[in-house]
Amino acid sequence: LIEIRKVFDRIEQQLRRFSHELHPAALEDFGLINAIEFLVQGVVERTGLNVRLEGFHGLCVADPFDTVLYRFIQEALTNVVRHARATNVTIKLQQTTKELACTVLDDGVGFHPGTCSSGMGISGMRQRMKAVGGHISLSSRPGSGAECSATIPLNRCMAAAV
């Protein structure tokens, strides 16, 4: 019974974490950077992936763009975990005067972009980006990992924030 209780406790913790990742209250309460760090921590704990964050300091993203960016990173990480067989992932954010860009790179098995089916996850990413005037791109080669990038024009961000 003690072992069963331990298993149920672990399951409860995982369900609670999944719930927070699906509806990131941390995004509303603590901001984009903390929500992404919480998401990454959960992925690392569940999978053992080595995830590095770059360019996160001084970032200022208005709502709903923070949610779109969070969901993009969440889906990109989900795809890495499901398909890439990677050990290392880098998430880079860059903000210029013209755009906000996010790139998720992995060192996994890669794929032929022409043979990759655009599943619900990628389709959802494209739709969310399109809704805010942004776009995504995928690049990969078998054996060379993959890169998934999103770009949001800042003039759209600033207009929505005003």
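This note sets out numbered points on the fold, helix packing, salt bridges and surface of the predicted model.

1. Basis of the note. The model is predicted, so local features are reported at pLDDT of at least 70 and side-chain atom pairs only at pLDDT 80 or more, while totals for chains, interfaces and linings use all residues. Residues are numbered from 1 along each chain as its sequence is written, and side-chain values use heavy atoms, with hydrogens and water left out.

2. Overall composition. The protein has six helices and five strands; both are DSSP runs numbered from the N terminus, helices being H or I of at least four residues and strands E of at least two. From the N terminus on, the order of elements is α-α-α-β-α-β-β-α-β-β-α. Of the 162 residues, 37% are buried. Here, buried stands for under 20% relative accessible area, exposed for over 50%, and partly exposed for values in between (1.4 Å probe, protein chains only).

3. Packing of H3 and H4. The axes of H3 and H4 come within 10 Å and cross at roughly 15°. This angle makes H3 roughly parallel to H4. Axes are lines fitted to C-alpha atoms, for helices over the stretch in contact, and the angles run from 0 to 180 degrees between N-to-C directions. Angles under 35 degrees count as roughly parallel, over 145 as roughly antiparallel, 65 to 115 as roughly perpendicular, and the rest as oblique. H3 passes H4 in a right-handed crossing; the term applies if the near helix is turned clockwise from the far one by less than a right angle, and left-handed applies if anticlockwise.

4. Leucine 39. This residue belongs to helix H3 (residues 32–47). Leucine 39 counts as buried because its relative accessibility is 2%. The C-alpha atoms of leucine 39 and tyrosine 70 are 9.0 Å apart in space, although the two residues are 31 apart in sequence.

5. Packing of H4 and H5. Helix H4 (residues 65–84) packs with helix H5 (residues 120–131) at an angle of about 160°, their axes being 10 Å apart. H4 is therefore roughly antiparallel to H5. The crossing of H4 and H5 is left-handed.

6. The structure holds three salt bridges, each defined by a side-chain nitrogen of Lys or Arg within 4 Å of a carboxyl oxygen of Asp or Glu. One of them joins the side chains of glutamate 3 and lysine 6 (3.7 Å, N to O). Both residues of this pair lie in helix H1, three residues apart, about one turn of the helix. Glutamate 3 is exposed at 52% relative accessible area, whereas lysine 6 is partly exposed at 42%. Another salt bridge joins the side chains of arginine 5 and aspartate 9 (3.6 Å, N to O). Because arginine 5 and aspartate 9 are four residues apart in helix H1, about one helical turn separates them. Arginine 5 is exposed, with a relative accessible area of 54%; aspartate 9 is partly exposed, with 30%.

7. The salt bridge of arginine 52. Arginine 52 pairs with glutamate 54 in a salt bridge, their closest N and O atoms being 2.5 Å apart. Arginine 52 counts as partly exposed at 46% relative accessibility, and glutamate 54 is partly exposed with a relative accessible area of 28%.

8. Nonpolar surface patch. Leu1, Ile4, Val7, Phe8, Ile11 and Leu15 make a nonpolar surface patch of about 640 Å². Patches are made of residues with over 30% relative accessible area and no salt bridge, like charges being joined within 9 Å and nonpolar side chains (Val, Leu, Ile, Met, Phe, Trp, Tyr) within 5 Å. Accessible areas come from the Shrake-Rupley method with a 1.4 Å probe, and for residues only the protein chains shown count as cover. Isoleucine 4 lies in helix H1 (residues 2–22) and is partly exposed, with a relative accessible area of 48%.

9. Arginine 85 and asparagine 88. Most residues other than glycine have a negative phi. Arginine 85, though not a glycine, has a positive phi of about 55°. Arginine 85 lies in the loop between H4 and S2 and counts as exposed at 69% relative accessibility. Asparagine 88 is placed in strand S2 (residues 88–95) and is partly exposed, with a relative accessible area of 34%. Asparagine 88 and glycine 145 are 57 residues apart along the chain, and their C-alpha atoms are separated by 9.7 Å.
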